[in-house]
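Colleague: I would like to learn how to read a few features of a protein model. Please take them in turn.

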Amino acid sequence: MSDYFPTEIIVNILSWLPPSSLLRFRCVCKSWCSLISSPNFIDIHTHQLDASWNHNTRLLAMRWTGRASYGSKVYPLDFDSEILSVDVESVGIDCPFPIPALWCCTSCNGLFLVRCSVFQGLWNPSIRRKLVLGESLLGFDAKRSYFSALGFNPKTNDYKVVNIGYERMGDGSHSSEVRVYSVKEGSWRRIRAPAPAYDIVRTMSSNVVINGSLYWIANHGVSRTSDFRAISPHNLFDTVDDVVINSIMVFDTVEEVFRMIMLPKSLVSTVTPNLRLMVIGGSLSVIQCEKFLILHSIWVMKKDGDVESWSEKYSFDSDLGFRKMLGFRENDELVLSTKDDDLVAYNPITRQSTNLMAGGHNNLYYGSIYKQSLGLLLEGEQISEKQTSDIEPISSDRRTEAWISL
């Protein structure tokens, strides 16, 4: 075929295909195998992810059995299908990590960062490859607590895992340490950039990635809750007793420096655990909830980095009982979970919702949406059925510790 089509055209056509097809096409001929497996093609395919969002988006569903078991099944579902559920005939894939660790993992370009109390690992469910990061946490002082996130450097096409460790000293001050793991280099290193004087809020899927930068909800001051911890002794804003100042902490994976950006004024002093970040249409967005985590509003930053461009895009009646927003579908409907654990498609114009679940919940948990990618094709290890239990199981007395550490 290369005798009739220039290589550039072949590369362009193949770069729009899903990973499952590309893995099969490596068997067409040696030249295609070499092309698809090359770092250059993988980089091109990765940069096509945003353009191919609509037909490349999956929702990861997990069946929860109540145990921190390995080898459990997960189900990648087409995010734009009419029904988002799993029946008895559905074929899942083996998960190489304990299911509870997946509940609070973060994702970037189709890779999931999974953290437990004893290990960290990357997993690509699209091509069933994993990468265990070794003694990533053991190098920290045992007295420290940690936050972890996964980002992507678009200039070097390198995935980076960021670990922020912090410790409260006896005099009330704090010390912090930041370590970065480069997938391409295969090693950890400390960075000198200090973490800002804000407390990262520990929530499910607590960070997002946009254009090579990691974003977290963070705050400073005397908190009314205990759902976060301080990581730096420096002050960036004036605060008074019993007041929490909310903001957004940013880590640039290219320059490896931190910065802060302000939230909409109405969210600066709201109850912090009721805020969550999301990416909508490529823009940084903040989801605000009311008590009992009932969805209240969604704010979008229309211009990247411009705090004056914050705009409230959606508001919700609390009687609707929406709790978690998973994302937008191709037809601009919002996929939301309800207080009754139903999954619905909500039309913000007509304000009508459609149930997306068939046959009940079946002990399913709906996690993150993600893009199918070739990430870890070169660096990762192929997962076989035997390898789903090759990490030391979590003993019963450490399962709670593993869950809390997420």
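Colleague: Which residue stands opposite Thr-106 in strand 5?

Modeller: Strands are DSSP runs of E of at least two residues, helices are runs of H or I of at least four, and both are numbered from the N terminus. Two strands pair if DSSP finds at least two bridges between them. Here Thr-106 stands opposite Leu-113 in strand 5. Strand 4 and strand 5 (residues 111-115) run antiparallel and are joined by 3 bridges. This is a predicted model, in which local features need pLDDT of at least 70 and side-chain atom pairs count only at pLDDT 80 or more, while totals for chains, interfaces and linings use all residues. Residues are numbered from 1 along each chain as its sequence is written, and side-chain values use heavy atoms, with hydrogens and water left out.

Colleague: In what order do the strands of the open sheet come?

Modeller: The order is 4-5-6-7-27, with antiparallel pairing among these 5 strands. Strand 4 (106-108) and strand 27 (381-382) are the edge strands, each pairing on one side only.

Colleague: What is the phi of Asn-109, and is the residue buried or exposed?

Modeller: Buried means under 20% relative accessible area, exposed means over 50%, and partly exposed lies in between (1.4 Å probe, protein chains only). Asn-109 lies in the loop between strand 4 and strand 5. Its phi is positive, about 50°, although Asn-109 is not a glycine. With a relative accessible area of 19%, Asn-109 is buried.

Colleague: Where is Glu-256 placed?

Modeller: Glu-256 sits in the loop between strand 16 and strand 17 (257-261). Glu-256 also has a positive phi, near 60°, and is not a glycine. Glu-256 counts as buried because its relative accessibility is 12%.

Colleague: Which side chain of opposite charge is nearest to Asp-252?

Modeller: Lys and Arg count as positive, Asp and Glu as negative, and His and the chain ends are not counted. A salt bridge needs a side-chain nitrogen of Lys or Arg within 4 Å of a carboxyl oxygen of Asp or Glu. Asp-252 is buried and has no salt bridge; the nearest side chain of opposite charge is Arg-259, 5.8 Å away. Asp-252 belongs to strand 16 (residues 244-252). Its side chain reaches the backbone nitrogen of Glu-255 at 3.2 Å.

Colleague: How many helices and strands are in the chain?

Modeller: The chain has 7 helices and 27 strands. Of its 406 residues, 54% are buried.

Definitions and conventions:
A polar contact is a pair of N or O atoms within 3.5 Å; within protein, one must be able to donate a hydrogen and the other to accept it, and residues adjacent in sequence count only if both atoms are side-chain atoms.
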